[in-house]
Amino acid sequence: QSGGGRGLLPKGTALVRLCSYIEFGSHIQTFDGKPKPAAPMFKLGFMIVGGVGLTEEGKPEKYVQEEGRYPMISTFDVPMSLHEKSKAVKYFNALNRVGNKATHFVQKVAEQCLYALTIGHKTSTSGRNAGKTVQDIDYTTLQFALDQETGLPRKAPELKEEDIQVFLWNQPSKAMWDSIYIEGEWEEKKDESGKVLYPARSKNFLQEKCLQAVDFEGSPLQTFLSEQDGGYTMPE
């Protein structure tokens, strides 16, 4: 996924910083159309703070087009797992290639290491994007961001506090809950025939996903929200 309203990012090597670690509680996943047991889920997000790629037309394009406005990319939702072949472990090991050896994803958010990440394109073979060119990003390929001329670590701007999103399911706080709030709504989108492609919906999907967890009832998050002024409202 990519953000910032740019659509497809150019192919190339981007300089990124880990900016987001969000735990959503337990959710039921499906495999080959069949439901699997509910599992705790999380996702990672990265800000692209530098680098240059090539557009589909082969033209060079900087990832950061306006100073201080960094594109954000994120993983899909990931099941928490300690299995060595799981995405969770592979992502964690990739992050630990740079900087201090952490024992939790949150430590890498705080450390603000700079990584080189390959951004690619591929043709989708399924879903509504079948046959279209889509983003191809493998977060297990995170590496040192080295200057090709000097061989020394590259430099890039640090992220601001407002760029950081962290939410821990079992240790919720107002600061963490507020960090994943997104204001506004997506407008309804229709095709040329008037068929609704995407209904109007809230942009606040991160908080809503937490509230939809199968283990929300009786969770530390439910307790925390019930103690806030005005309580909380479950999403429809």
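In the predicted model, Tyr 21, Phe 42, Phe 92 and Phe 105 form one aromatic cluster. The count of aromatic pairs in the structure comes to 7.

Phe 46 is located in strand E4, whereas Tyr 139 lies in the loop between strand E9 (133-137) and strand E10 (143-144). The two residues are 93 residues apart and link distant parts of the chain. Both Phe 46 and Tyr 139 are buried.

Charged side chains are also placed over aromatic rings. The charged end of Lys 203 sits over the ring of Trp 186, at 4.6 Å from the ring centre. In a second case, the charged end of Lys 209 is positioned over the ring of Phe 24, at 5.7 Å from its centre.

Lys 209 additionally takes part in a salt bridge with Asp 77, in which the closest N and O atoms are 3.1 Å apart. The two partners come from distant parts of the chain, Asp 77 from the loop between strand E6 (72-74) and strand E7 (78-79), and Lys 209 from helix H4 (residues 205-211); they are 132 residues apart. Asp 77 is partly exposed, with a relative accessible area of 29%.

The count of salt bridges comes to 6. Besides the bridge between Asp 77 and Lys 209, these include a contact between the side chains of Arg 69 and Glu 66, with an N to O distance of 3.7 Å. Arg 69 has a relative accessible area of 54% and is therefore exposed, the cut-off being over 50%. Glu 66, at 48%, is partly exposed. Another salt bridge connects Glu 188 with Lys 190, the closest N and O atoms being 3.7 Å apart. Glu 188 is partly exposed, with a relative accessible area of 41%.

Methods
Residues are numbered from 1 along each chain as its sequence is written. This is a predicted model: local features need pLDDT of at least 70, side-chain atom pairs count only at pLDDT 80 or more; totals for chains, interfaces and linings use all residues. Side-chain values use heavy atoms; hydrogens and water are left out. Rings of Phe, Tyr and Trp (its six-membered ring) pair if their centres lie within 6.5 Å; planes under 30 degrees apart count as stacked, over 60 as edge-to-face and the rest as tilted. Helices (H or I, at least four residues) and strands (E, at least two) are DSSP runs, numbered from the N terminus. Buried means under 20% relative accessible area, exposed over 50%, partly exposed in between (1.4 Å probe, protein chains only). A charge sits over a ring if NZ of Lys or CZ of Arg is within 6 Å of the ring centre and within 35 degrees of the ring normal. A salt bridge is a side-chain nitrogen of Lys or Arg within 4 Å of a carboxyl oxygen of Asp or Glu.
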